[in-house]
Amino acid sequence: MKKYIFIIAILAASCGHVNFEPPKGFVETKKTDSTLRLVAADASAIRVTYRENKKNGNADFWATLMQRELTEFKGYKLEKKTKFKKSGYVLEMRAPYKHKNFHYTVGILAGEDDLYIVELGCENNVYAAHLKSFMSLMGKINGDLD
Amino acid sequence: MREVLILSLFALAVTACSRPERSTYPGSSRSYRSYHRHSTYGGATATADYAPTTKKAEAVEEARPSPAPPSSGTSEQEEDRNLTANKDTGAKRPAEPEKPGEAKSDRTTLQKRMIIYHGDVSVGVFDPEKAAKRCITLMGKFNGYMKSRDNNYLVVRIPAAKFFDFIQELEGFGKMTHRRVTSEDITAQFVDLTMRMNNLVAARDRLKAILAKSTKVKDTLAVEKELTRVTGDIERIKGMLRYYSNLVSFATVSVRFYMRHGQHKYSGPAIKIQTPIEWIRYFDIVTLFRN
(Lines give C-alpha, C1' and ligand atoms only; values in the text may rest on other atoms or scores of the structure.)
Protein backbone atom coordinates (compact mmCIF):
# COMPACT_ATOMS: atom_id res chain seq x y z
CA MET A 1 0.00 0.00 0.00
CA LYS A 2 2.82 2.35 1.00
CA LYS A 3 4.50 1.61 -2.30
CA TYR A 4 1.42 2.74 -4.30
CA ILE A 5 1.03 5.90 -2.31
CA PHE A 6 4.65 6.77 -2.97
CA ILE A 7 4.22 6.20 -6.72
CA ILE A 8 1.04 8.33 -6.82
CA ALA A 9 2.83 11.11 -4.92
CA ILE A 10 5.72 11.09 -7.40
CA LEU A 11 3.33 11.14 -10.34
CA ALA A 12 1.32 14.01 -8.88
CA ALA A 13 4.47 16.03 -8.31
CA SER A 14 5.61 15.58 -11.87
CA CYS A 15 2.18 16.21 -13.41
CA GLY A 16 2.39 20.06 -13.51
CA HIS A 17 3.33 21.99 -16.65
CA VAL A 18 5.83 24.26 -14.98
CA ASN A 19 8.31 21.88 -13.47
CA PHE A 20 11.47 23.85 -14.15
CA GLU A 21 14.53 24.31 -12.03
CA PRO A 22 14.94 27.90 -10.92
CA PRO A 23 17.84 29.68 -12.65
CA LYS A 24 20.82 30.90 -10.68
CA GLY A 25 19.97 33.55 -8.07
CA PHE A 26 16.22 32.83 -8.08
CA VAL A 27 14.13 30.99 -5.54
CA GLU A 28 10.84 29.32 -6.15
CA THR A 29 8.12 31.01 -4.09
CA LYS A 30 4.95 29.73 -5.69
CA LYS A 31 4.06 26.87 -7.88
CA THR A 32 0.74 25.68 -9.22
CA ASP A 33 -0.18 23.48 -12.16
CA SER A 34 0.17 26.35 -14.55
CA THR A 35 2.19 29.03 -12.76
CA LEU A 36 5.68 29.19 -11.38
CA ARG A 37 6.93 32.22 -9.50
CA LEU A 38 10.57 32.84 -8.79
CA VAL A 39 12.03 35.69 -6.81
CA ALA A 40 15.60 37.02 -6.55
CA ALA A 41 17.18 38.59 -3.48
CA ASP A 42 17.01 42.02 -5.12
CA ALA A 43 13.19 41.65 -5.43
CA SER A 44 13.32 40.87 -9.14
CA ALA A 45 10.69 38.36 -10.18
CA ILE A 46 10.21 35.74 -12.85
CA ARG A 47 6.88 34.16 -13.57
CA VAL A 48 6.23 31.27 -15.90
CA THR A 49 2.65 30.76 -17.01
CA TYR A 50 1.40 27.78 -18.93
CA ARG A 51 -1.62 27.82 -21.20
CA GLU A 52 -2.96 25.22 -23.58
CA ASN A 53 -2.29 26.38 -27.12
CA LYS A 54 -5.13 26.70 -29.59
CA LYS A 55 -5.36 25.79 -33.24
CA ASN A 56 -3.20 28.08 -35.39
CA GLY A 57 -1.89 29.74 -32.24
CA ASN A 58 1.73 30.21 -33.21
CA ALA A 59 4.37 32.38 -31.56
CA ASP A 60 3.74 35.26 -33.99
CA PHE A 61 0.07 35.40 -33.03
CA TRP A 62 0.66 35.35 -29.28
CA ALA A 63 3.57 37.78 -29.45
CA THR A 64 1.55 40.27 -31.48
CA LEU A 65 -1.40 39.94 -29.11
CA MET A 66 0.80 40.38 -26.06
CA GLN A 67 2.62 43.36 -27.57
CA ARG A 68 -0.67 45.07 -28.46
CA GLU A 69 -2.08 44.55 -24.99
CA LEU A 70 0.98 45.80 -23.18
CA THR A 71 1.98 48.72 -25.39
CA GLU A 72 -1.38 50.03 -26.65
CA PHE A 73 -3.54 49.42 -23.60
CA LYS A 74 -1.14 49.43 -20.67
CA GLY A 75 1.26 52.02 -22.02
CA TYR A 76 4.45 49.97 -21.87
CA LYS A 77 7.29 51.03 -24.11
CA LEU A 78 8.67 48.32 -26.36
CA GLU A 79 12.44 48.59 -26.60
CA LYS A 80 13.32 45.42 -28.43
CA LYS A 81 11.50 42.53 -30.01
CA THR A 82 13.62 39.50 -30.89
CA LYS A 83 12.81 36.09 -32.17
CA PHE A 84 13.77 33.26 -29.81
CA LYS A 85 14.80 30.15 -31.65
CA LYS A 86 12.09 28.65 -33.88
CA SER A 87 8.97 29.14 -31.83
CA GLY A 88 9.48 32.04 -29.56
CA TYR A 89 9.73 35.79 -29.10
CA VAL A 90 11.23 38.04 -26.49
CA LEU A 91 9.69 41.46 -25.90
CA GLU A 92 11.90 43.78 -23.90
CA MET A 93 9.90 46.65 -22.47
CA ARG A 94 10.06 49.48 -20.01
CA ALA A 95 7.19 49.65 -17.60
CA PRO A 96 6.24 52.21 -14.99
CA TYR A 97 6.02 50.78 -11.49
CA LYS A 98 5.69 52.91 -8.35
CA HIS A 99 6.68 56.01 -10.33
CA LYS A 100 9.87 54.38 -11.61
CA ASN A 101 10.76 52.81 -14.91
CA PHE A 102 11.33 49.09 -14.55
CA HIS A 103 12.43 46.52 -17.03
CA TYR A 104 9.64 44.20 -17.99
CA THR A 105 10.60 41.41 -20.37
CA VAL A 106 8.13 38.91 -21.72
CA GLY A 107 9.09 35.69 -23.48
CA ILE A 108 6.57 33.75 -25.54
CA LEU A 109 7.11 30.14 -26.47
CA ALA A 110 4.47 28.37 -28.51
CA GLY A 111 4.49 24.65 -29.19
CA GLU A 112 1.88 22.62 -30.94
CA ASP A 113 -0.20 22.10 -27.81
CA ASP A 114 1.56 24.19 -25.19
CA LEU A 115 2.06 27.86 -24.71
CA TYR A 116 4.47 29.36 -22.20
CA ILE A 117 4.72 32.96 -21.18
CA VAL A 118 7.77 33.89 -19.16
CA GLU A 119 7.99 37.32 -17.50
CA LEU A 120 10.88 39.09 -15.88
CA GLY A 121 10.50 42.26 -13.87
CA CYS A 122 13.52 44.01 -12.39
CA GLU A 123 15.33 47.28 -11.82
CA ASN A 124 17.78 48.78 -14.34
CA ASN A 125 20.98 47.95 -12.50
CA VAL A 126 20.32 44.20 -12.28
CA TYR A 127 18.68 43.74 -15.63
CA ALA A 128 21.68 42.52 -17.58
CA ALA A 129 22.45 39.79 -15.02
CA HIS A 130 18.82 38.67 -14.72
CA LEU A 131 18.31 38.65 -18.46
CA LYS A 132 20.86 35.85 -18.67
CA SER A 133 18.91 33.81 -16.11
CA PHE A 134 15.73 34.59 -17.96
CA MET A 135 17.23 33.42 -21.26
CA SER A 136 18.55 30.22 -19.70
CA LEU A 137 15.07 29.46 -18.37
CA MET A 138 13.61 30.19 -21.80
CA GLY A 139 16.12 27.72 -23.28
CA LYS A 140 15.05 25.06 -20.80
CA ILE A 141 11.36 25.56 -21.58
CA ASN A 142 12.07 25.55 -25.30
CA GLY A 143 13.95 22.25 -24.86
CA ASP A 144 10.88 20.80 -23.20
CA LEU A 145 8.71 21.95 -26.05
CA ASP A 146 10.91 20.21 -28.59
CA MET B 1 -57.31 139.62 -13.25
CA ARG B 2 -57.01 137.08 -10.42
CA GLU B 3 -60.28 135.38 -11.34
CA VAL B 4 -59.16 135.17 -14.94
CA LEU B 5 -55.89 133.55 -13.88
CA ILE B 6 -57.64 131.03 -11.63
CA LEU B 7 -60.11 130.16 -14.38
CA SER B 8 -57.28 129.77 -16.87
CA LEU B 9 -55.38 127.50 -14.50
CA PHE B 10 -58.46 125.40 -13.94
CA ALA B 11 -59.08 125.10 -17.67
CA LEU B 12 -55.45 124.13 -18.24
CA ALA B 13 -55.52 121.53 -15.51
CA VAL B 14 -58.66 119.99 -17.00
CA THR B 15 -57.12 119.97 -20.48
CA ALA B 16 -53.82 118.46 -19.32
CA CYS B 17 -55.41 115.75 -17.25
CA SER B 18 -58.03 114.73 -19.77
CA ARG B 19 -57.10 111.82 -21.98
CA PRO B 20 -58.00 111.75 -25.66
CA GLU B 21 -61.21 110.02 -26.56
CA ARG B 22 -60.85 106.23 -26.63
CA SER B 23 -63.08 105.74 -29.65
CA THR B 24 -60.55 107.39 -31.91
CA TYR B 25 -57.65 105.14 -30.86
CA PRO B 26 -56.39 102.54 -33.23
CA GLY B 27 -56.58 99.90 -30.52
CA SER B 28 -60.00 98.56 -31.45
CA SER B 29 -60.52 96.87 -34.76
CA ARG B 30 -62.98 99.51 -35.92
CA SER B 31 -60.71 102.38 -35.21
CA TYR B 32 -57.83 100.38 -36.64
CA ARG B 33 -59.64 100.06 -39.94
CA SER B 34 -60.37 103.73 -40.07
CA TYR B 35 -56.76 104.28 -39.26
CA HIS B 36 -55.67 101.94 -41.99
CA ARG B 37 -57.76 103.73 -44.54
CA HIS B 38 -55.98 106.95 -43.90
CA SER B 39 -54.08 108.08 -46.97
CA THR B 40 -50.81 108.58 -45.11
CA TYR B 41 -50.84 105.17 -43.47
CA GLY B 42 -48.28 102.79 -44.94
CA GLY B 43 -49.76 99.64 -46.45
CA ALA B 44 -46.66 97.62 -45.64
CA THR B 45 -47.30 97.76 -41.94
CA ALA B 46 -50.66 96.08 -42.28
CA THR B 47 -48.95 92.82 -43.26
CA ALA B 48 -45.98 93.06 -40.97
CA ASP B 49 -47.31 90.93 -38.10
CA TYR B 50 -45.28 87.90 -39.09
CA ALA B 51 -42.89 88.35 -41.96
CA PRO B 52 -40.38 85.48 -42.10
CA THR B 53 -38.79 86.61 -45.33
CA THR B 54 -36.26 89.35 -45.73
CA LYS B 55 -38.63 91.27 -47.91
CA LYS B 56 -41.21 91.38 -45.18
CA ALA B 57 -38.60 92.24 -42.61
CA GLU B 58 -37.62 95.17 -44.77
CA ALA B 59 -41.24 96.21 -44.85
CA VAL B 60 -41.22 96.15 -41.09
CA GLU B 61 -38.08 98.20 -41.07
CA GLU B 62 -39.70 100.79 -43.29
CA ALA B 63 -42.68 100.85 -41.02
CA ARG B 64 -40.62 101.30 -37.86
CA PRO B 65 -40.48 104.63 -36.20
CA SER B 66 -37.02 105.98 -35.76
CA PRO B 67 -35.55 105.69 -32.28
CA ALA B 68 -35.84 108.46 -29.75
CA PRO B 69 -34.04 111.57 -30.98
CA PRO B 70 -30.75 112.48 -29.41
CA SER B 71 -30.85 115.64 -27.38
CA SER B 72 -29.61 118.40 -29.58
CA GLY B 73 -28.95 121.98 -28.75
CA THR B 74 -32.63 122.92 -29.09
CA SER B 75 -34.68 124.26 -26.27
CA GLU B 76 -36.66 121.99 -23.98
CA GLN B 77 -39.88 122.99 -25.68
CA GLU B 78 -38.58 122.09 -29.11
CA GLU B 79 -37.13 118.86 -27.87
CA ASP B 80 -40.47 117.73 -26.49
CA ARG B 81 -42.23 118.56 -29.70
CA ASN B 82 -39.57 116.89 -31.79
CA LEU B 83 -39.84 113.77 -29.68
CA THR B 84 -43.50 113.38 -30.45
CA ALA B 85 -43.03 114.51 -34.03
CA ASN B 86 -40.36 111.89 -34.57
CA LYS B 87 -42.51 109.15 -33.15
CA ASP B 88 -45.30 110.14 -35.47
CA THR B 89 -43.70 110.85 -38.76
CA GLY B 90 -40.07 109.93 -38.43
CA ALA B 91 -39.09 113.44 -39.47
CA LYS B 92 -38.21 116.44 -37.42
CA ARG B 93 -40.86 119.08 -37.57
CA PRO B 94 -40.22 122.74 -36.99
CA ALA B 95 -41.05 123.78 -33.49
CA GLU B 96 -44.32 125.65 -33.73
CA PRO B 97 -46.52 126.62 -30.85
CA GLU B 98 -49.47 124.24 -30.74
CA LYS B 99 -53.01 124.87 -29.75
CA PRO B 100 -54.92 122.28 -27.76
CA GLY B 101 -57.23 121.70 -30.68
CA GLU B 102 -54.36 120.77 -32.96
CA ALA B 103 -53.42 117.80 -30.83
CA LYS B 104 -56.36 115.94 -32.32
CA SER B 105 -54.85 116.11 -35.79
CA ASP B 106 -51.72 114.27 -34.52
CA ARG B 107 -53.74 111.11 -34.10
CA THR B 108 -54.39 110.99 -37.79
CA THR B 109 -50.83 111.79 -38.78
CA LEU B 110 -49.47 108.75 -36.94
CA GLN B 111 -48.08 106.64 -39.76
CA LYS B 112 -46.29 103.73 -38.15
CA ARG B 113 -47.46 100.79 -36.15
CA MET B 114 -45.48 100.15 -33.02
CA ILE B 115 -44.87 96.41 -32.67
CA ILE B 116 -42.70 94.71 -30.08
CA TYR B 117 -41.26 91.43 -31.34
CA HIS B 118 -40.14 88.58 -29.14
CA GLY B 119 -38.63 85.28 -30.27
CA ASP B 120 -37.95 82.13 -28.29
CA VAL B 121 -36.01 79.33 -29.99
CA SER B 122 -34.32 76.06 -29.00
CA VAL B 123 -31.64 74.66 -31.26
CA GLY B 124 -30.12 71.19 -30.96
CA VAL B 125 -26.43 71.26 -31.86
CA PHE B 126 -23.44 68.92 -31.54
CA ASP B 127 -21.38 71.49 -29.66
CA PRO B 128 -23.56 73.94 -27.66
CA GLU B 129 -20.59 76.00 -26.44
CA LYS B 130 -19.33 76.54 -29.97
CA ALA B 131 -22.85 77.36 -31.17
CA ALA B 132 -23.26 79.96 -28.42
CA LYS B 133 -20.02 81.64 -29.48
CA ARG B 134 -21.18 81.60 -33.10
CA CYS B 135 -24.49 83.12 -32.03
CA ILE B 136 -22.67 85.98 -30.29
CA THR B 137 -20.68 86.62 -33.47
CA LEU B 138 -23.89 86.64 -35.47
CA MET B 139 -25.46 89.03 -32.96
CA GLY B 140 -22.59 91.46 -33.53
CA LYS B 141 -23.02 91.13 -37.28
CA PHE B 142 -26.67 92.10 -36.91
CA ASN B 143 -25.75 95.11 -34.73
CA GLY B 144 -27.48 93.58 -31.75
CA TYR B 145 -26.42 93.31 -28.16
CA MET B 146 -26.48 90.75 -25.38
CA LYS B 147 -29.10 91.12 -22.70
CA SER B 148 -28.11 88.11 -20.65
CA ARG B 149 -26.35 84.76 -20.84
CA ASP B 150 -26.67 81.67 -18.71
CA ASN B 151 -24.27 79.05 -20.08
CA ASN B 152 -25.79 78.15 -23.42
CA TYR B 153 -28.99 80.12 -22.91
CA LEU B 154 -28.69 83.54 -24.46
CA VAL B 155 -31.05 86.48 -24.53
CA VAL B 156 -30.08 88.93 -27.24
CA ARG B 157 -31.56 92.14 -28.59
CA ILE B 158 -31.58 92.45 -32.35
CA PRO B 159 -32.70 95.44 -34.42
CA ALA B 160 -36.36 94.75 -35.17
CA ALA B 161 -35.80 95.07 -38.90
CA LYS B 162 -33.36 92.14 -38.82
CA PHE B 163 -35.34 90.03 -36.37
CA PHE B 164 -36.63 87.44 -38.85
CA ASP B 165 -33.29 87.24 -40.64
CA PHE B 166 -31.65 86.48 -37.32
CA ILE B 167 -34.13 83.70 -36.55
CA GLN B 168 -33.55 82.29 -40.03
CA GLU B 169 -29.78 82.31 -39.50
CA LEU B 170 -30.23 80.45 -36.20
CA GLU B 171 -32.05 77.69 -38.05
CA GLY B 172 -28.80 76.93 -39.84
CA PHE B 173 -26.99 76.25 -36.55
CA GLY B 174 -28.57 72.84 -36.07
CA LYS B 175 -31.96 71.32 -35.54
CA MET B 176 -34.45 73.94 -34.40
CA THR B 177 -36.89 72.05 -32.21
CA HIS B 178 -38.79 74.97 -30.78
CA ARG B 179 -39.64 78.35 -32.25
CA ARG B 180 -42.10 80.84 -30.84
CA VAL B 181 -42.46 84.32 -32.22
CA THR B 182 -44.80 86.77 -30.55
CA SER B 183 -45.61 90.36 -31.30
CA GLU B 184 -47.38 92.99 -29.30
CA ASP B 185 -48.95 95.97 -30.94
CA ILE B 186 -48.47 98.96 -28.69
CA THR B 187 -49.64 101.56 -31.20
CA ALA B 188 -52.65 102.42 -29.02
CA GLN B 189 -50.58 103.03 -25.93
CA PHE B 190 -48.05 104.96 -27.94
CA VAL B 191 -50.68 107.20 -29.54
CA ASP B 192 -52.27 107.72 -26.16
CA LEU B 193 -48.99 108.83 -24.65
CA THR B 194 -48.20 111.02 -27.64
CA MET B 195 -51.55 112.81 -27.34
CA ARG B 196 -51.08 113.34 -23.65
CA MET B 197 -47.60 114.60 -24.30
CA ASN B 198 -48.85 117.09 -26.89
CA ASN B 199 -51.56 118.33 -24.57
CA LEU B 200 -49.12 118.73 -21.73
CA VAL B 201 -46.63 120.60 -23.90
CA ALA B 202 -49.37 122.94 -25.04
CA ALA B 203 -50.50 123.39 -21.45
CA ARG B 204 -46.97 124.15 -20.38
CA ASP B 205 -46.66 126.79 -23.11
CA ARG B 206 -49.82 128.49 -21.96
CA LEU B 207 -48.75 128.32 -18.33
CA LYS B 208 -45.51 129.98 -19.26
CA ALA B 209 -47.43 132.73 -21.05
CA ILE B 210 -49.64 133.20 -17.99
CA LEU B 211 -46.61 133.23 -15.74
CA ALA B 212 -45.09 135.99 -17.82
CA LYS B 213 -48.24 138.06 -17.42
CA SER B 214 -48.84 137.45 -13.71
CA THR B 215 -47.97 140.32 -11.39
CA LYS B 216 -48.99 139.05 -7.95
CA VAL B 217 -46.74 136.72 -5.97
CA LYS B 218 -49.62 134.44 -5.02
CA ASP B 219 -50.61 134.01 -8.65
CA THR B 220 -47.03 133.45 -9.70
CA LEU B 221 -46.60 130.73 -7.08
CA ALA B 222 -49.84 129.03 -8.11
CA VAL B 223 -48.83 129.04 -11.80
CA GLU B 224 -45.34 127.79 -11.01
CA LYS B 225 -46.76 124.96 -8.94
CA GLU B 226 -48.93 123.92 -11.85
CA LEU B 227 -46.03 124.36 -14.24
CA THR B 228 -43.86 122.04 -12.13
CA ARG B 229 -46.55 119.38 -12.15
CA VAL B 230 -47.03 119.62 -15.91
CA THR B 231 -43.28 119.52 -16.56
CA GLY B 232 -42.99 116.43 -14.35
CA ASP B 233 -45.73 114.71 -16.30
CA ILE B 234 -44.03 115.62 -19.58
CA GLU B 235 -40.75 114.08 -18.40
CA ARG B 236 -42.48 110.94 -17.22
CA ILE B 237 -44.27 110.45 -20.54
CA LYS B 238 -41.11 111.29 -22.44
CA GLY B 239 -39.36 108.47 -20.59
CA MET B 240 -42.14 106.04 -21.33
CA LEU B 241 -42.08 106.98 -25.02
CA ARG B 242 -38.35 106.36 -25.14
CA TYR B 243 -38.81 103.03 -23.37
CA TYR B 244 -41.46 101.93 -25.84
CA SER B 245 -39.32 103.13 -28.74
CA ASN B 246 -36.46 100.96 -27.53
CA LEU B 247 -38.70 97.94 -27.16
CA VAL B 248 -39.95 98.44 -30.70
CA SER B 249 -36.56 99.19 -32.22
CA PHE B 250 -34.93 96.06 -30.80
CA ALA B 251 -36.57 92.66 -30.78
CA THR B 252 -35.73 90.28 -27.94
CA VAL B 253 -34.59 86.80 -28.93
CA SER B 254 -34.08 84.01 -26.36
CA VAL B 255 -31.92 81.23 -27.74
CA ARG B 256 -31.24 77.92 -26.03
CA PHE B 257 -28.58 75.62 -27.45
CA TYR B 258 -28.65 72.06 -26.25
CA MET B 259 -26.62 68.94 -27.03
CA ARG B 260 -27.98 67.06 -29.99
CA HIS B 261 -27.72 63.31 -29.49
CA GLY B 262 -27.72 60.44 -31.93
CA GLN B 263 -25.42 61.58 -34.69
CA HIS B 264 -22.62 63.00 -32.64
CA LYS B 265 -19.27 62.63 -34.40
CA TYR B 266 -16.51 61.30 -32.17
CA SER B 267 -13.48 63.53 -32.51
CA GLY B 268 -11.21 62.02 -29.84
CA PRO B 269 -8.44 59.47 -30.34
CA ALA B 270 -9.20 56.31 -32.27
CA ILE B 271 -10.97 53.72 -30.16
CA LYS B 272 -9.23 50.36 -29.92
CA ILE B 273 -10.95 47.14 -29.07
CA GLN B 274 -9.31 45.25 -26.28
CA THR B 275 -8.36 41.65 -26.91
CA PRO B 276 -11.17 39.20 -26.27
CA ILE B 277 -8.75 36.70 -24.69
CA GLU B 278 -9.14 37.72 -21.08
CA TRP B 279 -6.13 35.98 -19.52
CA ILE B 280 -3.82 38.08 -21.73
CA ARG B 281 -4.92 41.14 -19.73
CA TYR B 282 -3.59 39.51 -16.60
CA PHE B 283 0.05 39.95 -17.64
CA ASP B 284 1.42 43.02 -16.03
CA ILE B 285 4.45 44.11 -14.02
CA VAL B 286 2.13 44.92 -11.12
CA THR B 287 0.71 41.39 -10.94
CA LEU B 288 4.21 39.99 -11.46
CA PHE B 289 5.57 41.75 -8.39
CA ARG B 290 2.46 41.18 -6.32
CA ASN B 291 2.25 37.40 -6.48
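**Where the chains meet**

Reply: Between chain B and chain A there are 11 residue pairs in polar contact, both residues being at pLDDT 80 or more; a polar contact is a pair of N or O atoms within 3.5 Å, where within protein one must be able to donate a hydrogen and the other to accept it, and residues adjacent in sequence count only if both atoms are side-chain atoms. On the side of chain B that touches chain A, 10 residues are nonpolar, 4 are polar and 4 are charged, with Ala, Val, Leu, Ile, Met, Phe, Trp, Tyr, Cys and Pro counted as nonpolar, Asp, Glu, Lys and Arg as charged, and the others, Gly among them, as polar.

The model is a predicted one, in which local features need pLDDT of at least 70 and side-chain atom pairs count only at pLDDT 80 or more, while totals for chains, interfaces and linings use all residues. Residues are numbered from 1 along each chain as its sequence is written, chains are lettered from A and ligands numbered from 1 in the order in which they are written, and side-chain values use heavy atoms, with hydrogens and water left out.

Taking contact to mean heavy atoms within 4.5 Å, 18 residues of chain B touch 32 residues of chain A. The area buried between chain B and chain A, that is, the accessible area (1.4 Å probe) that two parts lose on being put together, summed over both, is about 2,200 Å², and carbon and sulfur atoms give 65% of it. B:F283, B:L288 and B:F289 supply 34% of the area that chain B buries against chain A, which is more than any other three residues do.

The interface also has 1 salt bridge, meaning a side-chain nitrogen of Lys or Arg within 4 Å of a carboxyl oxygen of Asp or Glu. Its partners are the side chains of B:D284 and A:K74, at 3.7 Å from N to O.

Behind this interface, each chain has a sheet, and here helices (H or I, at least four residues) and strands (E, at least two) are DSSP runs, numbered from the N terminus, and two strands pair if DSSP finds at least two bridges between them. In chain A, 7 strands form an open antiparallel sheet in the order β1-β2-β3-β7-β6-β5-β4, with β1 (26–31) and β4 (77–84) of chain A as the edge strands, each pairing on one side only. Within that sheet, β3 (residues 45–52) and β7 (residues 114–122) of chain A run antiparallel and are joined by 8 bridges, and the bridge partner of A:E52 in β7(A) is A:D114. Helix α3 (residues 127–145) of chain A lies across strands that include β3 and β7 of chain A, at about 170° to β7(A), where axes are lines fitted to C-alpha atoms, for helices over the stretch in contact, and angles run from 0 to 180 degrees between N-to-C directions.

In chain B, 5 strands form an open sheet of mixed pairing, in the order β2-β3-β5-β1-β4. Strand β5(B) pairs with β1(B) in the parallel sense over 8 bridges, whereas β3 (residues 153–159) of chain B runs antiparallel to β5 (residues 250–259) of chain B and is joined to β5(B) by 7 bridges.
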